[in-house]
There are 2 protein chains.
Amino acid sequence: MRLSQYFMPTLKENPSEAQIVSHRLMLRAGMVRQSSAGIYSWLPLGFRVLKKIEAIVRQEQNMAGCQELLMPTIQPADLWRESGRYEDYGREMLRITDRHERDMLYGPTNEEQITDIFRQSVRSYRDLPRLLYHIQWKFRDEVRPRFGVMRGREFLMKDAYSFDLDYAGAKHSYNKFFAAYLRTFARLGLTAIPMAADTGPIGGDLSHEFIILADTGESEVHCHADYLDFEPLATEVDYDSDLEPFVTERTRLYAATDEKHDQATFEAEVPEAKRVNTRGIEVGHIFYFGSKYSEAMGATVQGPDGEAVAVEMGSYGVGVSRLVGAIIEASHDEAGIIWPESVAPFDVGIVNLKAGDEACDAACEDFQYKLGAERQVLLDDTSERAGAKFATMDLIGLPWQLVVGPRGLKSGTVELKSRASGEREELSPESALARLTS
Amino acid sequence: MRLSQYFMPTLKENPSEAQIVSHRLMLRAGMVRQSSAGIYSWLPLGFRVLKKIEAIVRQEQNMAGCQELLMPTIQPADLWRESGRYEDYGREMLRITDRHERDMLYGPTNEEQITDIFRQSVRSYRDLPRLLYHIQWKFRDEVRPRFGVMRGREFLMKDAYSFDLDYAGAKHSYNKFFAAYLRTFARLGLTAIPMAADTGPIGGDLSHEFIILADTGESEVHCHADYLDFEPLATEVDYDSDLEPFVTERTRLYAATDEKHDQATFEAEVPEAKRVNTRGIEVGHIFYFGSKYSEAMGATVQGPDGEAVAVEMGSYGVGVSRLVGAIIEASHDEAGIIWPESVAPFDVGIVNLKAGDEACDAACEDFQYKLGAERQVLLDDTSERAGAKFATMDLIGLPWQLVVGPRGLKSGTVELKSRASGEREELSPESALARLTS
């Protein structure tokens with residue numbers, strides 16, 4: 001892609017409405033524009049990142065044996081009356097009346113809808129387990145939307161649901177998502193800590209929030225410092241095996257959200273020097289809720305003994321659009337965003353220091369062509385001055401910058417810069433190409 | 001994918017609510033389930049088709065130089081007050097009031113929103129043309145939703161918008177979309193005829209609907225019979241070249257929607273034996289509307305002479321979710337759907353005639369493994385009887401059926417059936433494999 005033709009309206013100044021760094025940088029890099037409070041348009045650069053995150057989330061759900069479908073955004077209120085949540089949900093639910101005066105709503109989540117689909121179709125315990133997910137826009141009418149896409153009103157979420165015959169099955173499904181989430185966040189370059197979370201009236205301990213530590217996080221969290229040293233590496237997982245040891249090992253050290261936090265246990269289990277009290281951003285949540293919805297909505301299957309059994313369910317969410325902001329909160333510097341390679345909107349930014357110069361143009365186009373087979377390339381072919389070009393490349397945070405100038409070309413070199421480390425190298429064009437391709 | 005584990009709830013009976021064949025077949029094949037009137041959940045099989053269509057639409061938009069972004073579903077009413085359409089749109093617009101009593105709406109289309117994004121960001125004629133699109137769910141509160149996903153209330157649409165300095169530029173953009181649409185529909189296996197359509201108060205002749213002929217279509221259309229003989233082939237297009245001859249050639253013969261139809265011209269231009277009066281399904285619409293929105297909303301750029309110019313715009317829509325139904329209307333038989341290869345949910349269905357038989361199971365798994373690298377495979381490993389398995393395979397319409405039975409295996413053969421032609425061949429496993437891989 002040529003920058004001269006790319007719709008990437010960057011801003012030089014910090015927008016005054018943005019309180020946190022990810023919101024500022026997303027506006028400045030031309031990734032999003034606000035449509036109304038808490039509602040954003042994703043411009044091409046931001047859209048590319050959103051899609052890359054979505055693709056990783058999808059791959060990991062599929063690998064865990066979860067099947068993708070797509071439920072609509074607008075749901076009938078009657079479904080929520082069945083579960084009792086229509087009245088309970090409060091003003092965050094966007095309630096809508098259609099032209100025939102029917103009560104509808106913009107789904108803030110999909111437990112009722114998936115339970116309805118399940119009960120229409122599944123009859124026998126032989127068809128269990130079922131793991132189903134979708135990636136769809138949701139709406140929560142936050143009273144004070146803020147922090148850009150981190151706490152928007154219209155947001156993209158992956159929500160999955162598990163259906164099992166009994167608690168043991170439900171727990172195995174829960175463990176699958178636990179493992180899939182650790183893999184997902186690791187692939188996104190994030191150290192996400194699974195923290196014991198509130199289970200409310202359901203009870204038990206099958207609720208974990210996956211939290212990224214950040215001062216701008218909205219919730220207080222408490223954990224063992226060793227979690228911070230875990231490298232984000234996507235471990236191989238055999239989803240057919242017993243995952244209990246995997247989960248136990250990864251929840252051995254203390255980590256809890258504020259609602260679940262117990263100071264006495266924290267002090268007993270964690271040496272003082274290792275106690276971390278900080279804030280965190282929730283990027284995922286897994287939750288077992290038994291037969292709460294299946295009983296209320298009559299989602300039963302015929303068990304092995306012929307009796308009807310209300311299925312055991314769980315739900316599993318990842319905030320896809322929120323992750324764009326969360327990754328930036330975790331990975332930026334003074335100059336701008338530092339994208340992990342897995343979600344960068346482009347892999348390489350080529351900076352043509354003298355657009356219009358025959359040698360520079362030819363070299364840049366040659367790079368673009370040769371890299372293009374393997375790498376996604378953004379070529380800055382504009383007539384901006386060098387300083388502005390460097391600033392834009394640092395701002396948008398592509399992993400590699402390849403700087404092509406007339407002086408370098410004469411001596412047979414180009415400059416390759418790693419955005420993350422800041423390291424620069426003078427290389428021959430051939431070596432630069434070799435470095436950037438496999 | 002193993003059918004025993006796949007969430008594909010087929011129906012044996014024709015659902016009474018479905019009036020047209022695509023709706024019937026989509027329900028029977030377990031592709032969709034109705035959530036409420038005109039609103040559907042896409043189950044895994046239907047979702048796969050939807051995504052494949054979306055991917056082809058996206059590729060062709062990108063090839064035409066159009067850049068993808070994503071606007072939200074919920075828009076502020078104020079934008080539509082600027083254009084004057086908030087009052088005009090009528091009851092098909094789903095109007096919403098949020099918790100702060102602000103007027104919002106679920107976007108039925110996005111001219112206002114994209115114009116707002118454009119005017120915030122683009123200042124100079126040097127940044128033109130701009131071609132931008134998104135693929136997003138829309139809502140139109142149809143008074144009588146019917147025909148399944150063909151005329152739903154919540155539907156997925158690709159809508160693109162062009163911004164040019166002058167009419168000549170706008171026309172060139174229009175022609176790009178004309179060509180991209182012909183390529184798109186051809187790749188979907190459809191003979192879509194570009195028909196002159198109403199331009200309303202805008203005037204001129206830059207409005208075409210792309211129509212598939214079908215008795216179940218909702219609009220009357222009139223065209224030269226020769227259009228029906230055109231093979232759906234995706235022609236190579238050089239989008240930088242003058243596309244006027246391309247468009248002229250493909251609009252030479254008479255073809256018009258009812259609103260634009262002129263009987264006298266029809267009779268003068270088309271010999272009687274070649275006159276087709278029938279019904280059609282609109283799957284795409286391209287439309288030039290000049291400065292209608294840019295003037296109302298102040299979307300101007302600085303022209304070459306320094307004066308502010310209201311940009312010339314067009315909009316270009318493809319009904320992505322509707323296309324799933326339209327393709328089925330165009331391609332089915334008594335037994336079920338016949339998917340074109342490009343959008344089939346799986347490429348090959350393997351029928352294990354005797355699940356549990358060691359040789360059959362081993363052969364099927366071997367096929368699944370070997371085909372899996374290149375082809376998407378659905379393996380019927382259930383214990384249904386053979387007749388039911390054949391009926392299901394015909395119903396869901398995968399291009400190839402590979403039938404593996406104990407008798408055939410003993411004599412060293414399997415059966416390969418083409419869903420489209422109905423032809424069956426006895427082949428050795430190796431030859432079948434060779435036939436299905438490149």
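Q: Why do the copies meet through the same surface?
A: Because 100% of the interface residues of chain B are also interface residues in chain A. Contact here means that C-beta atoms, placed from the backbone, lie within 7 Å.

This is a predicted model: local features need pLDDT of at least 70, side-chain atom pairs count only at pLDDT 80 or more, and totals for chains, interfaces and linings use all residues. Residues are numbered from 1 along each chain as its sequence is written, with chains lettered from A and ligands numbered from 1 in the order in which they are written.

Q: How many residues of chain B are in contact with chain A?
A: 38 residues of chain B touch 38 residues of chain A. The chain B side divides into 21 nonpolar, nine polar and eight charged residues. Nonpolar covers Ala, Val, Leu, Ile, Met, Phe, Trp, Tyr, Cys and Pro; Asp, Glu, Lys and Arg are charged; the others, Gly among them, are polar.

Q: What makes the relation of chain B to chain A that of a two-fold axis?
A: A rotation of 180° with 0.0 Å of shift along its axis superposes chain B on chain A, RMSD 0.0 Å. That is therefore a two-fold relation.

Q: Which residue of chain B comes closest to the rotation axis?
A: B:I96, at 3.0 Å (C-alpha).

Q: Why are β5(B) and β6(B) called paired?
A: Pairing needs at least two bridges found by DSSP. Four bridges join β5(B) to β6(B), and the two run antiparallel. Strands are DSSP runs (E, at least two residues), numbered from the N terminus. The bridge partner of B:R95 in β6(B) is B:L105.

Methods. Two residues are in contact if their C-beta atoms, placed from the backbone, lie within 7 Å. Copies are superposed by least squares on the C-alpha atoms of residues with pLDDT of at least 70 in both.
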